[in-house]
Amino acid sequence: MGLVEFDPPDRFVAGTVGPPGQRTFFLQASEGRRLTSVSLEKQQVSVLADRINDLLDSYAGGEGADQAAAEVVDNAPLDTPIEDDFRVTTLSLAWDEDRQVIVIEALDRDPDDPEAGVDSEVLAEEPRQMRVVLPPSRARAFARRAQSVVSAGRPPCPFCGGPLEPEGHICPRSNGYKR
């Protein structure tokens, strides 16, 4: 597979499959009939959205403002089939000053530590990578949707902040009693 690049994609979104508490998180990019889906952790989606917002606040100016993002909002579900091409272990984010765009890269292994948690068969293969280039308004819209997807899970416990299951949970702040 190697590198799959979308510069720019027709669509780039974060989404989930499954009920709260058992969700699988995906990044999905498409251009024409080409579709790439990668799976990742909830925390990775959350941090990516936060860092995109920080980057846009620092460098994009009015092009990355909420008003510009409101014009390109994408609330449609993930495209099917939803099958991950690879599991993301490393995300990178950059601002291309010359083009005034955000560059997001998702890799299936850490390039600085090629042997970490990977067997020799996988090391012989070329690393899998997805690169997405977004203008500031689309990057802000992506970040807003990603934050919304992350927060749509189980509500937090008002005492400990842990996720509440429908049947309750054993709360460490209430001395182990079920809430």
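User: How many aromatic pairs does a search of the whole structure find?

Analyst: The search of this predicted model finds 2 aromatic pairs. One of them is formed by Phe 12 and Phe 142.

User: What makes the pair of Phe 12 and Phe 142 stacked?

Analyst: Two values decide it. The ring centres are 4.6 Å apart, and centres within 6.5 Å count as a pair. The planes stand at 20°, and planes under 30 degrees apart count as stacked. Phe 12 belongs to strand E2 and Phe 142 to helix H4, so the pair ties together parts that lie 130 residues apart in sequence. Both residues are buried.

User: Why is the pair of Tyr 59 and Trp 95 called stacked?

Analyst: The centres of these two rings are 6.3 Å apart and the planes are at 15°, so this pair is stacked. The limits are 6.5 Å for the centres and 30 degrees for the planes. Tyr 59 lies in helix H1 and Trp 95 in strand E6, and 36 residues separate them.

User: How do you know whether Tyr 59 and Trp 95 are buried or partly exposed?

Analyst: The relative accessible area settles it. Buried means under 20%, exposed over 50%, and partly exposed in between. Tyr 59 has 48%, so Tyr 59 is partly exposed. Trp 95 has 14%, so Trp 95 is buried.

User: How do you know that Arg 34 lies over the face of Phe 6?

Analyst: Arg 34 is 4.1 Å from the ring centre of Phe 6, and the limit for that distance is 6 Å. The definition also asks for a position within 35 degrees of the ring normal. Arg 34 is listed as lying over the face of Phe 6.

User: How does the span of helix H1 compare with the span expected at 1.5 Å a residue?

Analyst: H1 covers residues 42-59, which is 18 residues. From its first C-alpha to its last it reaches 26 Å, close to the 26 Å expected. Gly 61, with a positive phi near 65°, follows H1.

User: Which residues of H1 are buried, and what do they pack against?

Analyst: Among them are Val 45, Leu 48, Ile 52 and Leu 56. The buried residues of H1 pack against several elements, including strand E2, strand E4 and helix H4. Strands E6 and E7 are also among the elements packed against.

User: Why are E6 and E7 counted as paired strands?

Analyst: Two strands pair if there are at least two bridges between them. E6 and E7 are joined by 7 bridges, so they pass, and they run antiparallel. Ser 92 stands opposite Glu 105 in E7. E7 is also joined to strand E8 by 6 bridges, again antiparallel, with Val 132 in E8 as the bridge partner of Ile 104.

User: What is listed for the phi of Gln 100?

Analyst: Gln 100 is not a glycine, yet its phi is positive, about 60°. Gln 100 sits in the hairpin of E6 and E7, which has 4 residues between the strands. With a relative accessible area of 26%, Gln 100 is partly exposed.

Definitions and conventions. Residues numbered from 1 in each chain as written. Predicted model: local features only at pLDDT ≥ 70, side-chain atom pairs only at ≥ 80, totals over all residues. Heavy atoms only, no water. Helix = DSSP H or I, 4+ residues; strand = E, 2+ residues; numbered from the N terminus. Expected span 1.5 Å × (residues − 1). Buried < 20%, exposed > 50% of the residue type's maximum accessible area, 1.4 Å probe, protein only. Contact = heavy atoms within 4.5 Å. Phe/Tyr/Trp six-rings, centres within 6.5 Å; stacked < 30°, edge-to-face > 60°.
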